[in-house]
Amino acid sequence: MKLWVALAVLALGACGGGGSSSGTVPSPPKLPTPTPLPSPATENPRGHLQHIVIIVQENRSFDNLFQGFPGADTVPSGPLQGGGMEPLRPISMTADFDLSHLHASAIKDVDGGKMDGFSTEEVFPGATPTPLPYAMFSYVPHAEIGPYWAMGKSYVVADRFFGELDASYVSHQYLIAGQAGHAINEPNGTPWGCDSPPNSRVAIVNDAGHNTGSVFPCFDYQTLGDELDAKDVVWHYYSQAYGQNGYIWEAYDAIRHIRMTNEWALHARFPQTSILTDIAARKLAAVIWVTPSLANSDHLGSHSTSGPQWVASIVDAIGESPFWKSTAIVVLWDDWGGFYDHVAPPPGDQFGPGIRVPLLVISPFARAGVVAHTTYTFGSIMRLVEDTFDLNRLTTVDAQASSFSTDVFDFNAPPRAFGGPFGNAEDRARVLAEPPSDAPPDNE
């Protein structure tokens with residue numbers, strides 16, 4: 001049985017209800033070993049980079065956000081499962097609807113590599129008129145995402161970057177640990193993690209992809225943060241504050257030995273806009289994860305187009321600071337959000353790699369105006385941190401991923417001057433002046 005066909009069958013079992021109500025945290029899982037991805041000549045960042053900033057935006061596929069980008073692999077239409085093609089139409093980020101994009105949806109959309117399951121997914125209309133029946137076949141109008149395209153044209157866009165076969169909760173765990181304790185979908189109570197209500201549960205699947213019950217969403221597997229601590233490398237995670245459901249996007253809230261110890265006070269930073277004041281105060285940690293507010297997230301239902309300006313405010317602040325000459329900024333989107341993408345993921349296991357999402361790499365050592373076609377995954381982001389700070393691999397996700405190659409970095413050339421700004425002073429001031437929000441960036 002082909003791998004994708006097997007996964008599709010197993011997904012049906014994984015989506016079943018029921019399961020144990022036990023709060024026992026499972027032991028660190030023995031993850032299956034995926035097929036190794038090809039690894040071309042790589043560029044070693046050690047000795048060149050001192051800061052890595054990982055900006056995590058929300059729910060866009062590559063075809064949706066970078067449709068028509070020069071040199072990138074995009075298509076103007078996608079297949080309907082019953083036959084025929086549906087053109088990709090422009091739909092604003094302010095549109096009020098959502099698309100199914102949990103674990104089973106990812107496997108159904110991929111459909112064994114045929115990438116033709118998208119048309120069978122549900123479109124959830126909001127308060128505005130019902131969107132197109134095939135709203136998943138859409139792209140963001142280019143006028144709304146000018147800063148992203150400008151960054152891509154000055155630095156690197158990767159058009160073979162793949163996330164996980166799941167939605168945001170699991171995806172954020174993979175960005176810090178290369179696993180999610182065999183969890184799928186998201187906890188049934190908010191916030192997500194060790195601060196969840198006592199009756200919260202998240203579904204667990206085994207190595208074969210079968211649902212084996214559910215557990216309280218507070219785990220104890222090792223993370224990049226633990227490895228950085230062992231090397232005395234300072235790291236921070238910026239997100240919304242507790243009380244505004246902000247811990248939904250504080251991935252380390254799901255790691256017991258960090259949330260329930262003094263590690264939390266050392267590394268968790270609230271609100272997320274404080275990264276701008278920290279940069280201004282010359283206090284940039286060596287490794288940083290940053291998650292947005294709902295308004296700045298690019299998420300469906302945000303009713304906002306301010307995400308590109310939010311990202312530009314961080315990129316510009318670093319680019320105009322003394323940190324620029326030793327920093328790599330990676331901007332990624334945590335899952336595909338239900339939007340169509342035509343490129344089949346590489347072989348893997350029941351957790352990923354998943355559907356293609358955009359990736360921008362901005363650095364004085366990044367190539368100028370390059371579209372990178374090498375296959376990269378969330379494990380490649382982990383490897384960038386590991387390679388820079390001489391850390392061990394955590395799971396097969398990073399061990400089997402490709403490190404960033406010469407199509408992304410050139411550490412033999414002198415660092416380039418900053419190519420921005422990509423936003424403006426008014427937008428940065430607006431971001432800093434934003435009041436705390438009660439709305440999390442996502443709830444799936």
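In this description, a residue is called buried when its relative accessible area is under 20%, exposed when that area is over 50%, and partly exposed in between (1.4 Å probe, protein chains only). Helices (H or I, at least four residues) and strands (E, at least two) are DSSP runs, numbered from the N terminus. The structure is a predicted model, in which local features need pLDDT of at least 70 and side-chain atom pairs count only at pLDDT 80 or more, while totals for chains, interfaces and linings use all residues. Residues are numbered from 1 along each chain as its sequence is written, and side-chain values use heavy atoms, with hydrogens and water left out.

The predictor's confidence in each residue, pLDDT, runs from 0 to 100. Its mean over the protein is 88, and 86% of the residues reach 70 or more. Residues 1-41 stay under 50, and the model has 80 contacts beyond four places in sequence for this stretch; a contact here means heavy atoms within 4.5 Å. Where pLDDT is low, the predicted coordinates should not be read in detail.

Just after helix 5, Gly178 takes a positive phi of about 70°.

Two strands are taken to pair if DSSP finds at least two bridges between them. Three strands form an open sheet in the order 10-11-12, with antiparallel pairing. The edges are strand 10 (183-184) and strand 12 (211-215), each of which pairs on one side only. Strand 11 (residues 202-205) is joined to strand 12 by four bridges, and the two run antiparallel. Within this pairing, Val202 stands opposite Val215 of strand 12.

The interior can be described through its nonpolar core, meaning a set of buried Ala, Val, Leu, Ile, Met, Phe, Trp, Tyr and Cys residues joined through side-chain atoms within 4.5 Å. The largest such core has 127 residues, of which Tyr252 and Trp289 touch the most other members. Helix 10 gives the most to this core, with seven residues. Leaving aside neighbours within four places in sequence, Tyr252 is in contact with residues including Ile176, Trp235, Tyr237, Arg259, Trp264 and Trp289. In soluble globular proteins, nonpolar side chains tend to be buried together.

A salt bridge is counted when a side-chain nitrogen of Lys or Arg is within 4 Å of a carboxyl oxygen of Asp or Glu. By this rule the count comes to 16 salt bridges. Arg259 and Asp195 meet in one of them, at 2.5 Å from N to O. Arg259 lies in helix 7 (residues 256-259) and Asp195 in the loop between strand 10 and strand 11, so this pair ties together parts that are 64 residues apart in sequence. Both partners are buried, Arg259 at 17% relative accessible area and Asp195 at 19%.

Another salt bridge joins Arg46 and Asp390, whose closest N and O atoms are 3.6 Å apart. The two residues are 344 residues apart, with Arg46 in the loop between helix 1 (3-14) and strand 1 (51-57) and Asp390 in the loop between helix 11 (378-389) and helix 12. Arg46 is partly exposed at 41%, and Asp390 is partly exposed at 40%. Together with Lys231, Arg46 and Asp390 are linked in a network of salt bridges.

Some backbone details complete the picture. Most residues other than glycine have a negative phi, and most peptide bonds are trans. Arg282, in the loop between helix 9 and strand 15 (287-290), has a positive phi of about 60° and is partly exposed, with a relative accessible area of 47%. Asp298 also has a positive phi, near 70°, but is buried at 1%; Asp298 is found in the loop between strand 15 and helix 10 (307-319). A cis peptide bond joins Phe270 and Pro271, with omega about -15°, and Pro271 is in the loop between strand 14 (268-269) and helix 9 (274-280). Gly420 and Pro421 are likewise joined by a cis peptide bond, with omega about 5°; Pro421 has its place in the loop between helix 12 (396-399) and helix 13 (425-433).
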